[in-house]
Amino acid sequence: WRVHVTYQGIDPEVFQRGNRDEARRQLGLASSRPVLVWVGRMVDLKRLDLLIAACAMLRDRRFDLELCLVGGG
């Protein structure tokens, strides 16, 4: 799997890389399933409906992934 990370406004003193398997265990996520995480302010302008629709299309094509949305708004 390829992983693409976009760094935007993350404070490396606060947020640091940890143990991936342990984090997945704590969050109840399967270790073999790809996870797409979106973090931000949830407002219409950001068009999260398109992201959700795209993930639904992937699921319809038998690409199993977990979409996690984090934020408020």
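Let's start with charge. The protein chain carries 12 positive and 9 negative charges, and their mean positions lie 5 Å apart. Here Lys and Arg count as positive, Asp and Glu as negative, with His and the chain ends not counted. Each charge is placed at NZ of Lys, CZ of Arg, CG of Asp or CD of Glu.

A word on the source. This is a predicted model, where local features need pLDDT of at least 70 and side-chain atom pairs pLDDT 80 or more, while totals for chains, interfaces and linings use all residues. Residues are numbered from 1 along each chain, and side-chain values use heavy atoms, without hydrogens or water.

Now the layout. The chain has two helices and two strands, in the order α-β-α-β from the N terminus. These are DSSP runs: helices (H or I) of at least four residues, strands (E) of at least two, numbered from the N terminus. Of the 73 residues, 10% are buried. Buried means under 20% relative accessible area, exposed over 50%, partly exposed in between, with a 1.4 Å probe and protein chains only.

Arg 24 sits in helix H1, residues 20-27. What is the nearest side chain of opposite charge to Arg 24? Asp 21, at 5.6 Å. Arg 24 is buried but has no salt bridge. That term needs a side-chain nitrogen of Lys or Arg within 4 Å of a carboxyl oxygen of Asp or Glu.

So what does the Arg 24 side chain reach? The backbone oxygen of Arg 33, at 2.9 Å. A polar atom of that side chain also lies 2.4 Å from the backbone oxygen of Ala 30.

Conventions:
Polar contact = N/O pair within 3.5 Å; in protein donor to acceptor, adjacent residues only side chain to side chain.
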